[in-house]
Amino acid sequence: MHRLALVALTATAVMASAPAAVAQDDGFEVWLNPAASVALDADTGIEIETAQRFRDSGAGRPDTYFARLWINQDIAPDITLSGAVEQRVNDGDADETRLIQQLSTSHGILRTRLRLEQRFVAGADQMGVRLRPRLGVSVPLDTAGRWSFKSDAELFLTLRATDRGGSDGLTGLRTQVGVAHELSERLTISVAYLRQQDIRSARPDRVGHAPIIGIELGF
């Protein structure tokens with residue numbers, strides 16, 4: 001089962017990362033993703049998630065910073081329903097507010113996530129709507145379960161662009177592969193390679209290659 005799941009996910013990731021038919025605009029980035037969570041009861045928790053994405057502004061890639069406030073509710077042993085509000089600052093570009101609804105599940109080593117976003121971009125014509133399905137795996141690497149291999153592939157499906165006449169349909173692909181280590185019951189760190197591909201109509205796709213460092217602190 002583990003082997004079949006890894007093969008399926010690897011195939012998905014390879015297809016998602018395959019070069020587009022047109023030229024690509026590639027760039028190197030560094031992503032940080034610290035988060036902290038607090039349990040309110042056995043099934044409910046709140047989380048503050050932040051991100052710092054450092055890019056090359058000279059190449060038209062502004063640094064991005066965001067903070068999200070999540071409410072997470074376990075509705076079954078392997079199913080979590082979540083909602084969040086996000087404020088995003090794009091250095092030198094339009095800032096954005098998002099409302100997010102999310103359903104996460106686990107099935108053995110398989111992980112799924114379905115996220116729906118309502119996007120409010122400063123200066124845009126209208127509210128944007130985007131759907132983001134993700135398939136991944138989390139495979140224990142030691143008997144204690146403190147080390148794990150993680151990989152996933154995610155699609156960005158724009159249902160409504162933030163500007164009238166803007167692109168919709170498949171507008172992005174994200175894949176990542178890395179490892180996570182549970183240092184204690186409260187602290188987990190992860191390191192991964194992430195590839196973000198923005199699919200742009202009549203222009204070269206924009207591709208970012210980034211090491212991403214995650215820190216999760218629970219209380």
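Visitor: Why is the contact of Arg-61 with Glu-29 called a salt bridge?

Guide: The closest N and O atoms of Arg-61 and Glu-29 are 3.4 Å apart. A salt bridge needs a side-chain nitrogen of Lys or Arg within 4 Å of a carboxyl oxygen of Asp or Glu, so the pair qualifies. This is a predicted model, where local features need pLDDT of at least 70, side-chain atom pairs count only at pLDDT 80 or more, and totals for chains, interfaces and linings use all residues. Residues are numbered from 1 along each chain as its sequence is written, and side-chain values use heavy atoms, with hydrogens and water left out.

Visitor: What makes Arg-61 and Glu-29 a tie between separate parts?

Guide: Arg-61 sits in the loop between strand S3 (44-54) and strand S4 (64-76), and Glu-29 in the loop between strand S1 (24-28) and strand S2 (30-39), so the pair joins parts 32 residues apart in sequence. Strands (E, at least two residues) are DSSP runs, numbered from the N terminus.

Visitor: How do you know whether Arg-61 is buried or exposed?

Guide: Its relative accessible area is 4%. Buried means under 20%, exposed over 50%, partly exposed in between (1.4 Å probe, protein chains only), so Arg-61 is buried. Glu-29, at 5%, counts as buried too.

Visitor: What makes Arg-119 and Glu-96 a salt bridge?

Guide: Their N to O distance is 2.7 Å, and both residues are buried.

Visitor: How many salt bridges does the structure hold?

Guide: There are 16. Some residues are linked in a network of salt bridges, among them Glu-96, Arg-119, Arg-132 and Glu-154.

How values were computed
Helix = DSSP H or I, 4+ residues; strand = E, 2+ residues; numbered from the N terminus.
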